[in-house]
Amino acid sequence: NSSDPESKAASELAHRVLGEKADTFLFEVIEPADGKDVFELESKAGKIVIRGNNGVSIASGLNWYLTQYCNSQVSLTYRQLSLPETLPVVETKVRKVTPFQRRNFFNYCTFGYTMPWWGWDQWEQLIDYMAMQGINMPLAMTGQEAVWQEVFSDMGLTQKQIDDFFVGPAYLPWGWMSNIDGLGGPLPQAWIEGQKKLQQQILARQRSLGMTPILQGFAGHVPAGIKEKYPDAKIHKVTDWACMPGVHLLDPMDPLFKEIGKRFIEKQTELYGTDHLYNADCFNEVNPHTNDTEFIAKVGQSVYSAMTDADPDAIWVFQGWFLFWQRDFWQKPQASALLSAVPDDRMIGLD
């Protein structure tokens, strides 16, 4: 039924990708297959009928038809959509069920290497591509600075202290991953506001297609200026990164840690909603000040409880890169201490 939000979102995607040719397709919603995403293709009364249990599934079915029946391709760099006047018939009904519950896309660096200057036109094309490739759990990091600005302002930090914390657009991933402060900053206020609006557009489109975006969680990285406002806070300086001075990490046992983490999730949810997935990378290419397993376990417990204090359904997502890159530090006791601090069904490690 084209009035279903899912089939409507898929139909709008098809019209963006195919123009008038999209009128040759009918989109319908069906039930998942034992909880898994599924699509079906069928020819019926001169139309190509594509069914799926959500917008991503239907878009995946459309992509399957275009590649398998029309020798066409939609990619990030090129679109070959020279479709025949009469579209090929699906002789035998096709049904595909994915074995994968979560299909992830992006790491943090993509937002600095590829997308820092993107506007909605480029994001819209990318989200269509993602849906056609079956992505349902994208990292969605745009617009974080609007959240942090409100949180730190409410806590009494000055605009100068916040400006010194934010890095420039191309360096934002390494600010988010607790590697650097201030490089290439400060960020103009108009840019912060523009990114907030862009993130709201990105998330609305992703969710309309049935995606569950991963937003940010708090991993302990704080502005240096917080020491002036909270002189009693226990703050550690982590190791230098890429010849730049180490950033400031709030001790997980300090009550301020959970307070900031909770405030951040609450403010972020107010601005952007939530799908209960939060990425927090505590030690990306930087080591903690100690390899003490008790301390490391407390980091894990504090990061997770700061999320669940604000959102009881929170799931902590992290990039597994640090366990490989810093493997001399992350021996089995240290890795176990961090990963065992959180229930298994509430933590997702990305390869």
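## The nonpolar core

The largest nonpolar core of this predicted model has 116 residues, and Phe25, Leu62, Trp123, Leu250, Ile260 and Trp316 touch the most other members. A nonpolar core is a set of buried Ala, Val, Leu, Ile, Met, Phe, Trp, Tyr and Cys residues joined through side-chain atoms within 4.5 Å. Helix α4 (residues 120-132) supplies the largest share of this core, eight residues.

Isoleucine 260 is in contact (heavy atoms within 4.5 Å) with Trp148, Met155, Phe218, Val222, Ile226 and Leu250, leaving out residues up to four places away in sequence.

## The chain as a whole

The protein chain contains 13 helices and 15 strands. Both are DSSP runs numbered from the N terminus: helices are H or I with at least four residues, and strands are E with at least two. Along the principal axes, the C-alpha atoms fill a box of roughly 75 × 45 × 35 Å.

Of the 351 residues, 54% are buried. Buried means under 20% relative accessible area, exposed over 50%, and partly exposed in between, with a 1.4 Å probe and protein chains only. Among contacts with a separation of 6 or more, 71% join residues 24 or more positions apart.

Leucine 198 lies in helix α8 and counts as buried because its relative accessibility is 7%. Leaving out residues up to four places away in sequence, leucine 198 touches Trp118, Gly119, Trp120, Trp123 and Thr142. Leucine 198 and tryptophan 118 are 80 residues apart in sequence, and their C-alpha atoms are 9.4 Å apart in space.

Serine 208 also belongs to helix α8 (residues 189-208). With a relative accessible area of 30%, serine 208 is partly exposed. Apart from neighbours within four places in sequence, serine 208 is in contact with Pro5 and Ala9. Serine 208 and alanine 9 are 199 residues apart in sequence, yet 6.3 Å apart from C-alpha to C-alpha.

## Basis of the values

Residues are numbered from 1 along each chain as its sequence is written, and side-chain values use heavy atoms, without hydrogens and water. In this predicted model, local features need pLDDT of at least 70 and side-chain atom pairs count only at pLDDT 80 or more, whereas totals for chains, interfaces and linings use all residues.
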